[in-house]
Amino acid sequence: MKRRDFLRIGSQGTALAAFPLSAATNALAAPSGTGFVYREEYLDHLINRHHPESPKRLLAIRRQMSSLELDKEVQHLQVLNDPTEHIRSIHTQEHIERIERIKTSGEVAKLAVAGALGAVQGVADGMVRNAFCALRPPGHHARNTGRPEGFCYFSTIAIAAKYAQKVHGYKRILIIDWDYHHGDGTEKFFYDDPSVLFFSTHNARAYPGTGSPSKTGDGQGEGFNINVHLECGSREYDMLKKWDSALMPKVEQFRPDFVLISAGFDSRKDDTLGCFSVSDIGFMQLTRRAMDIADTYANGRLVSLLEGGYNIEGQAKAACAHMQTLLTGRDR
């Protein structure tokens, strides 16, 4: 099915009328186009032949993109040169050195960070309106332990948030994490930081066993960490209800000037490591809602990073539904 065969038959997301009138002005003034970050070297990272986080994930996404002709519509972005100084904004030197010593995977993990930073730069410079990064390895579980955590080596999205602030001058970063697993690394790095609003929907009973709704931040960061536990079988409707009740009131106060997404597609139905039931249309709706926030407060600026997703063909379909919405703004 080609991209043009998708039809908009209505939206179950929040009506645009619920946003300030500035949203329409921002949308008109914002740059156009969707960036895409991918490097063949991301396929070189291999834990073992049977590991669920495999190069097949990206190969399936590229096949699906080609079948929908999305590869012809996105703008291919360059990765940033050596990202080491920006990795240091989050990770200790000891952690960096230990990860660098991991053959092949250490270098690929740095290149994943470079890809995310290249996407932030492309959006910040107005080359594109938004971007999706097909990266491996994922990053939202990484901490400063000197070893990989939950398939993650560097906290890519946390580094991207700091880069957007320190290099490009954005003040308030919203991170939305819809992965089935809680982004414990992301939470850790911003738990006392009021300049980053972290919103995560996940199964708190799954790995890594964190993400209690009682964890709301510390010190000046109190109230800027929003954890939402969802039960097995939860669908996009359940997620969107939590966006309405838990995220949107805070967003209206916070007014982010850049939006980042930890796009974990293991929250999709039939994932091998998850038990949620989000559909591909559901990911379109979630994407549109995130775009509404970016349009209203951030002149459309949004960068999405691939996290989990272990049903190989399923996560590819979900990722392309996500990209199609970034490109067209339609959630059907």
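Is V128 buried or exposed in this predicted model? V128 counts as buried, because its relative accessibility is 0%. The legends below start with this residue.

**View 1. V128 and the residues around it.** V128 sits in the loop between helix α5 and strand β3, which covers residues 130-133. Along the chain, V128 and G35 are 93 residues apart, yet their C-alpha atoms are 5.9 Å apart in space. Not counting residues up to four places away in sequence, V128 touches P31, S32, G33, T34 and G35, as well as Q75, L77, G122 and V123.

**View 2. The largest nonpolar core.** This core has 95 residues. The residues with the most contacts inside the core are I176, W243, L260, I293 and V303. Helix α5, residues 105-124, gives the most to this core, with eleven residues. In soluble globular proteins, nonpolar side chains tend to be buried together.

**View 3. W243 and its contacts.** If neighbours within four places in sequence are left aside, W243 is in contact with I176, W178, F199, M248, P249, L286, R289, A290 and I293. Two of these partners, I176 and I293, are listed with W243 among the residues with the most contacts inside the largest nonpolar core.

**View 4. Helices α8 and α9.** Helix α8 covers residues 236-254 and helix α9 covers residues 280-297. The two helices pack at an angle of about 10°, and their axes are 11 Å apart. Because of this angle, α8 is roughly parallel to α9. On the α8 side, the contact is made by E236, M239, L240, W243, D244, L247, M248, V251 and E252. On the α9 side, G282, Q285, L286, R289, A290, I293 and Y297 take part. By class, the contact has ten nonpolar, two polar and four charged residues.

**View 5. S262 in strand β7.** Strand β7 covers residues 258-263 and includes S262. At 0% relative accessibility, S262 counts as buried. Which side chain makes a polar contact with the side chain of S262? The partner is the side chain of E307, at 2.8 Å. Neighbours within four places in sequence aside, S262 is in contact with H140, I157, I176, D177, W178, D179, L305 and E307.

**View 6. A158 and A160 in helix α6.** Helix α6 holds A158 and also A160.

- A158 counts as buried, because its relative accessibility is 0%. The C-alpha atoms of A158 and P138 are separated by 12 Å, and these residues are 20 apart along the chain. Leaving aside neighbours within four places in sequence, A158 is in contact with I90, F189 and F190.
- A160 has a relative accessibility of 1%, so A160 counts as buried. In sequence, A160 and A131 are 29 residues apart, and in space 13 Å apart, C-alpha to C-alpha. Apart from neighbours within four places in sequence, the contacts of A160 are L117, V120 and L260. L260 is one of the residues with the most contacts inside the largest nonpolar core.

**View 7. Two cis peptide bonds.** R136 and P137 are joined by a cis peptide bond, with omega at about -10°. P137 is located in the loop between strand β3 and helix α6, the helix of residues 156-166. Where does P208 lie? P208 lies in the loop between β5, residues 196-202, and β6, residues 225-229. The peptide bond from Y207 to P208 is also cis, and omega is near 5°.

View 8. T104 is a residue other than glycine, and its phi is positive, near 65°. T104 is placed in the loop between α4, residues 93-100, and α5. With a relative accessibility of 38%, T104 counts as partly exposed. D270 is not a glycine either, and has a positive phi of about 65°. D270 is found in the loop between β7 and α9. Is D270 buried or exposed? D270 counts as exposed, because its relative accessibility is 58% and the cut-off for exposed is over 50%.

Conventions:
Residues numbered from 1 in each chain as written. Predicted model: local features only at pLDDT ≥ 70, side-chain atom pairs only at ≥ 80, totals over all residues. Heavy atoms only, no water. Core = buried A, V, L, I, M, F, W, Y, C linked by side-chain atoms within 4.5 Å. Buried < 20%, exposed > 50% of the residue type's maximum accessible area, 1.4 Å probe, protein only. Helix = DSSP H or I, 4+ residues; strand = E, 2+ residues; numbered from the N terminus. Contact = heavy atoms within 4.5 Å. Axes fitted to C-alpha atoms, helices over the stretch in contact; angles between N-to-C directions. Parallel < 35°, antiparallel > 145°, perpendicular 65-115°, else oblique. Nonpolar A, V, L, I, M, F, W, Y, C, P; charged D, E, K, R; others polar. Polar contact = N/O pair within 3.5 Å; in protein donor to acceptor, adjacent residues only side chain to side chain.
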